Amino acid sequence: MHFSEDDLREALKRKDPGEGFTQRVMARVEQAKAEGKTKPVNGNGNRSFLAWWRLRPAWTFAVVTLLLLGFAWGGYQYSEYRHAEEMRIAAEKQKQMEEKQKELQAEAEQAKAQAILALEIARAKLNHVLQQAQVPAGIEKIRRQRL
Amino acid sequence: MKRVMGMIVGLALCCAAARGYGQDAKIQLDSLNKLSDKAARVTDVTLDGSLLQFAVNMIEKADDGDEDVAQLKSIMKNLKGIYVKSFEFDEASQYSKADVESVRSQITARWTKIVQSIDKRSNEHDEIYLLKSGSGEHVAGVLILVAEPKELTVVNIVGDVPVDKISSLEHHFVINDKDSDKKQKKGKSHDEE
C-alpha cells in the first residue's frame with residue numbers, strides 16, 4: 001500500500017474534538033481514579049504488598065527484629081545443646097578412663113600382693129629347707145653357686 | 001658376607017639358647033591342681049608377663065627409703081615369672097609320690113640340686129634346685145620343693161633369682177603406701193613361721 005503526501009497530510013490535519021471534550025476527558029480521569037482505588041490492578045499483588053510494608057516501617061522493623069531474635073535464640077539453643085553434648089561425651093570418656101585406670105590400679109595392687117606373697121612363701125620355705133638340711137652356711141653355699 | 005651370615009646365625013643360636021633356658025626354668029605345676037579339692041588351704045600364685053611387670057611397677061613406686069622395699073625391688077627387677085603352689089591338708093598322706101614326681105620329672109640335667117633334706121621320722125622331703133644361665137654366671141631359675149606329711153609346696157621362680165637376698169629378706173615386707181598390706185603380710189608371715 002502506498003501513501004501519498006496528500007494522504008498523510010489529510011490524515012494528520014487538525015480535527016475538531018467537538019463540544020464538551022474537556023468535560024469528557026476529566027470525567028474519564030475521575031472514573032479511572034475511582035476504579036484504581038477499589039480494584040487492584042491484576043499482576044501487581046507483590047508490588048502492593050511491598051508497598052504496604054514500605055508504608056509501615058515500624059511493623060517491618062518489628063517483624064525483622066523478631067525474626068533476628070528468633071534466629072539468634074535458635075542458634076544459641078543449638079550451641080548450648082552442642083556444648084552440653086560435648087561435655088556429656090567428654091565426661092563419659094573421662095569416667096571410662098577413670099574406671100579403666102582404677103581397674104589397672106586394682107590389678108597392679110593385686111599383682112604386687114601376689115608377688116609379695118610368693119616371695120614370702122619362697123623365703124619361708126627356702127629358710128625352712130636350709131634349716132631342715134642343717135646347712136649352717138646355706139646362704140653362703142648358694143651364693144657360691146651363683147658365682 | 002660369610003662373616004655377617006655367621007654373626008646372624010650365632011645371634012640366632014644365642015637367642016634360641018636363651019629362650020630354651022627360659023623355658024626350661026619354668027616348671028609345669030598344673031598337674032598339682034587336682035590336690036586343691038583335698039587341701040584345707042591352697043595358695044596358688046602365677047605371676048608372669050604383664051602381671052609381673054605391674055607388680056614390679058607398683059613396687060618401684062613404693063618408698064625408696066625403706067630397706068625392705070629396696071631389697072624387694074632388687075629381687076624383683078630381673079625376675080620373669082613367679083609360680084607358687086602350696087597345699088595344706090588337714091590329714092597326712094593326701095598327696096601321692098606321683099604328684100611330687102610329676103614336678104621332679106621336669107628337672108633336667110641342667111638343674112643343680114643345691115640342698116636336699118630327707119627326714120624319715122617326720123616323713124619330710126625337701127629339695128632346692130638351681131638352673132644356671134647359659135654363661136653360668138647367673139641363675140636362670142629356682143625350684144623349691146617342700147613335701148611334708150600335711151603340706152606340699154612348690155615354688156618356681158624364673159629369671160635371675162638372687163636367692164641369697166630372698167632368704168635374707170626380713171620376715172615381713174613393708175610397703176609404706178599400704179599399712180593394711182603391711183599388717184596383712186606380717187600376719188601371714190608369722191602364721192607361716
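A residue is counted as buried if 20 or more other C-beta atoms lie within 10 Å of its own. In this predicted model, 31% of the 193 residues of chain B count as buried. Chain B holds six helices and six strands, arranged from the N terminus in the order α-β-α-α-β-α-β-β-β-β-α-α. Of the contacts in chain B between residues at least 6 apart in sequence, 62% join residues at least 24 apart.

In chain A, helix α4 covers residues 57-132, 76 residues in total. After α4(A) comes Q134(A), with a positive phi near 50°.

The largest nonpolar core comprises 58 residues, and the members that touch the most others are A115(A), A118(A), A122(A), A55(B), I82(B) and I144(B). Helix α4(A) supplies the largest share of this core, 13 residues. Leaving aside residues up to four places away in sequence, A115(A) touches L47(B), L52(B), A55(B), M76(B) and I82(B).

Two of these contacts of A115(A), A55(B) and M76(B), also take part in the packing of α2(B) against α3(B). The axes of α2(B), residues 49-61, and α3(B), residues 67-76, come within 9 Å and cross at roughly 150°. Angles over 145 degrees count as roughly antiparallel, and the two helices α2(B) and α3(B) are therefore roughly antiparallel to each other. Their crossing is left-handed. On the α2(B) side the meeting residues are A55(B), V56(B), I59(B) and E60(B), and on the α3(B) side V69(B), L72(B), K73(B) and M76(B).

Definitions and conventions:
Residues numbered from 1 in each chain as written. Chains lettered and ligands numbered in written order. Predicted model: local features only at pLDDT ≥ 70, side-chain atom pairs only at ≥ 80, totals over all residues. Helix = DSSP H or I, 4+ residues; strand = E, 2+ residues; numbered from the N terminus. Buried ≥ 20, exposed ≤ 12 C-beta atoms within 10 Å, placed from the backbone. Contact = placed C-beta atoms within 7 Å. Expected span 1.5 Å × (residues − 1). Core = buried A, V, L, I, M, F, W, Y, C linked by C-beta atoms within 7 Å. Axes fitted to C-alpha atoms, helices over the stretch in contact; angles between N-to-C directions. Parallel < 35°, antiparallel > 145°, perpendicular 65-115°, else oblique. Left-handed = near helix turned anticlockwise from the far one by under 90°.
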